[in-house]
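Okay, thanks for coming, everyone. I'd like to walk you through one model today, so let me put it up on the screen.

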Amino acid sequence: MNEKPLLRVRGLTTEFATSEGAVARALEDVSFDVLPGKTVGLVGESGSGKTTTLMALMRLLPASGRITKGKVWFNDTNLLALSEHEMRDYRWKSMAIVFQGAMNALNPVMKVGDQIREAILLHDLMDRSAAEKRVRDLLEMVGIAPARRDQYPHQYSGGMRQRAMIAMALACAPDILFADEPTTALDVMIQAQILQLLKEIQKALGLAVVIVTHDLGVVAEVCDEVVVLYGGKVAEYGSVDRIYNHAQHPYTQRLLESFPDINNPSETLASIPGTPPRLTQLPPGCRFEPRCHVKINRCAEVSPPLLEVEPGHYVACILREGKEANFQ
Amino acid sequence: MARRDYLIGKMGISLLTLLFVLLLDFMLFRVLPGDPVRAVIGRNVRISADVQNSLRAQFGLDKPIFPDQFVDTLGQWARGNLGVSWSQRRPVSEILISKLWNTLLLIGLGQLFSIIFGVMLGLLAGWKRKTPFDIGALTFSLIAWATPTFWLGIILLVAGSAWFGLPTGGIVSPANIGKPLHTVLPDLIRHLILPTLTFTILYLGEYMLIMRSSILETLSEDYILTARAKGMSNFQVLMRHGLRNAMLPMVTIIALNLGFTVSGAIYIETVFSYDGLGNLVQTALVKQDYPLLQGAFLLLAVSVIVANMLADFLYTYLDPRVKAN
Amino acid sequence: MSDHWKLFLRNLNEFWKAFRRNKLGLVGGFLILTALLAAIFAPALTPHSAVDIMRDSNGRALTFASPAMHSPLGTDDAGHDVWALLIYGARISLMVGFLAGFISMFVGSSLGIIAGYFGGAVDTLVMRVTDILMVIPDLPLMLVLVATIRQMDLKVSPLSVLILVIGLLYWTSAARLIRSQTLTIKERQFVARARAIGAGHWHIVRKHILPQLMPLIVTNTVLILSTAILIESGLAFLGLGDPTQPSWGTMLNFAFSRSAISNGAWWFYLPPGIAILWVSLGCILLGNVLEEMMNPRLAAHYLEGDKGMIAITDKETGL
Ligand SMILES: Nc1ncnc2c1ncn2[C@@H]1O[C@H](COP(=O)(O)OP(=O)(O)OP(=O)(O)O)[C@@H](O)[C@H]1O
Ligand SMILES: [Mg+2]
């Protein structure tokens, strides 16, 4: 339990310059840990900043994006203090990512095997023939016949492309794998297969995983810890057991209520009345206040700090009691 | 399988185009006023009515136009018989062949330089979007696009001869005509500089613009982000993943542009009195030498059609997706 | 007037507001406008006509005279005033270019709409014809056509032949664009609805499809004008213009064939070229800006943004 976190995200704050000239604060003060070999689930409705979090961690935000505050400790290195050149060594070798909607994430004019091998050779991990062998092993591991390394992405089905992306993500044996909704856009059968695959791989390789999903069933099934994002802020953060059985934040509670059956993972988050806040005009108080069913007057005035209600269980709601979070 | 279908489809279009060109060329010959015999033997040759009639029979002109005469003509063309030039009294095919290589040399050099530099500049401009380099390159291309080919040629001709003493016309100096190639090579190169430069500047701008927008589109594809996530530097991503994908539309455009390079050759050869097909076309036009004009049209059109067919073929090798579609 | 057209007019106002902000577009508009004004008001801009011959006090023609007060751009080989030739030439060049451009746009739009709207065999036919026309080298084709038509003793003026040949050969790319846009519009709800309530084809095209195609058609017309003007100048330079009604291309043909270059008469061969460049650059700038306004390019691509992504003021505290 006292194991040192692999990745410590501290106060991560991200802004986008919108086309109208306004600034959208997509993430504010996001903090969480990723322990070696464990899985963290990032949940929240569309636009809550899940993808932005992963992209900021990889330092791959689009040109309009800025990281304005925070630290990202990978072991003892602050990734945000590195030069772009130094950062490149961490990409794929330390942390790899499977993108959201990865259907077009493979280069259409390059053989799939070559694209996987490219990552290995890029980081000088082994010689060509060893890399070639690894490509075949990786494909086999994700359930693709090694003979298909010479095919092009368009010859793969959607599910196979996703598997190939996972194989590619594992190519450099990263410490952390970011998986951004790895199963959306796939049919239910394939979704289950991909999740199963991720779980097996994680067990076999002792990989830490950060998985983004809309699907609370998936969270219950594969995660050790959960970060609930609302409007770019952490609403609640704790172990999967605490979140599912002792949720403290009204938003999390609503989420869980609207999610009928944990054993029926095909259901996605049902909607809560109201809409998320506009990131260009954030309210001074709690971001969930307009939609909250237990709000008091003060909720509209003060922004709730993240409170530690139990060791390792954090909630951003002024109705709860606890000491203010102080991450190490 | 699918690649074969794709190629058969493209080939079908090419054949259709070819047929259209042949028919057009044939028809144009027929609509000229006066007796077709005149068109074949020349305007100013005096002959009696009897001879004329026997010639009619000999050329098959007493037969119906379709299909007999058309098929006859196609047969003649296939055997390289394109008639006799009115102004030069020589077989058209002989004249065409004597000029062909000069034009190929000019077009080849011009295309080579403009493609190489156009692709390079377009790639850099798109990558470094909105930098002074990009804006400069864009301005240059737009102006090159808006400039009449022949006028640029005139300007370069004046400037090149006044400031650098470069020759203004011909393909070698008069004294060197007829000498073996290797002895006149430096002279030939000096003569080629200005026409090639004109060619390059004009098409460079166009290729740059197309390459720029093509690379901009490519760099917005998800696989580019994947490549960056792998830890590649921007330059590596550009060269390994951007270039090849952005080149795909270029291949098609370059092929389609072959028709325009022929236009370029006609203007540039005229301005620089360069002894090629373009200049020949212009002379034939001025002298109203129709057999020569139509023969040249046939040769140019057929070459472009065939080159297009080759480009389609090449495309199937460059883009693996063609197999699927 | 249908609601769609009213909407179109209202959009026009908004469009102007957005357009004004773009300098390149304004420059393009300025270039075109000045050329048009010069052509329209030619008689007011010069005391001479294009056929007047400048003479010295002895009555001899001033040939290849360099620019001076009485003829600001000097004279040509026969003593004509180049400035007068230039602005009267604008009338010919712009007329041929614009008419040819409008014809090709009209043909292209009509065929594109017909092909896209009706689909099926008509569509295939139109597309095959564009395929064919796109591959045939255009200049040789035009030269052969113009030369042959001239020879045929038809009672058509040389300029009309030019206008028709250019106009009837350059519609292919417009037809393709308009066709694919028509296909997209056809897929939309209200077209299906209009069909369901039994609206006629002509009605649907006029009320629903055409208004939405307008921006695309206008943009392409502007771009095609530049092509038409360049082509006209090229054909005229090669000697296919009307020598009695000299356009800028014809002027360059004269300058080139009557040794203006060896006489160092830059005032004869520079201005017409600059004029052609002026107008065609104007069309290209304007057209590109319109195009950009219709489909704004992506804000940025994936190789931008690494610089300045980390905007943390104090790296130590992370604030
Ligand atoms: N390039 C961008 N420019 C401006 N705003 C952006 C950009 N990318 C994301 N945003 C904004 O940032 C917020 C967070 O977006 P993000 O993609 O991280 O959400 P998400 O939680 O991944 O949603 P989803 O479940 O739909 O994937 C959104 O409100 C979005 O509008
Ligand atoms: Mg997302």
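Let's start with a detail: which side chain meets that of C:Glu304 in a salt bridge? The partner is B:Arg129, and the N to O distance is 3.3 Å. By salt bridge I mean a side-chain nitrogen of Lys or Arg within 4 Å of a carboxyl oxygen of Asp or Glu.

Before I go on, some ground rules. This is a predicted model, where local features need pLDDT of at least 70 and side-chain atom pairs count only at pLDDT 80 or more, while totals for chains, interfaces and linings use all residues. Residues are numbered from 1 along each chain as its sequence is written, chains are lettered from A and ligands numbered from 1 in the order in which they are written, and side-chain values use heavy atoms, with hydrogens and water left out.

Back to chains C and B, then. The salt bridge I just showed you is the one counted between them. Chain C puts 51 residues in contact with 61 residues of chain B, contact being heavy atoms within 4.5 Å. Together the two chains bury about 5100 Å², with 76% of that on carbon and sulfur atoms. Buried area here is the accessible area (1.4 Å probe) that two parts lose on being put together, summed over both. There are also 11 residue pairs in polar contact across this interface, both residues at pLDDT 80 or more. A polar contact is a pair of N or O atoms within 3.5 Å; within protein, one must be able to donate a hydrogen and the other to accept it, and residues adjacent in sequence count only if both atoms are side-chain atoms.

So what does chain C bring to that interface? Several helices give two or more residues each, among them H5 (120–135) and H10 (201–240) of chain C. The one that gives the most is H12(C), with 11 residues. Helices (H or I, at least four residues) are DSSP runs, numbered from the N terminus. By class, the side of chain C that touches chain B has 35 nonpolar, eight polar and eight charged residues. In that scheme Ala, Val, Leu, Ile, Met, Phe, Trp, Tyr, Cys and Pro are nonpolar, Asp, Glu, Lys and Arg are charged, and the others, Gly among them, are polar.

Now, chain C also touches chain A. There, 14 residues of chain C are in contact with 15 of chain A, and the pair buries about 1200 Å², 61% of it on carbon and sulfur atoms. The salt bridge count is zero, though three residue pairs are in polar contact, again both at pLDDT 80 or more.

Staying with chain A, have a look at ligand 1. It's surrounded by 16 residues, and A:Ser46, A:Lys50, A:Thr51, A:Thr52 and A:Gln100 are the closest; to be near, a residue needs a heavy atom within 4 Å. A polar side-chain atom of A:Ser46 is 2.4 Å from an oxygen atom of the ligand, and an N or O atom in the side chain of A:Gln100 is 2.8 Å from a ligand oxygen.
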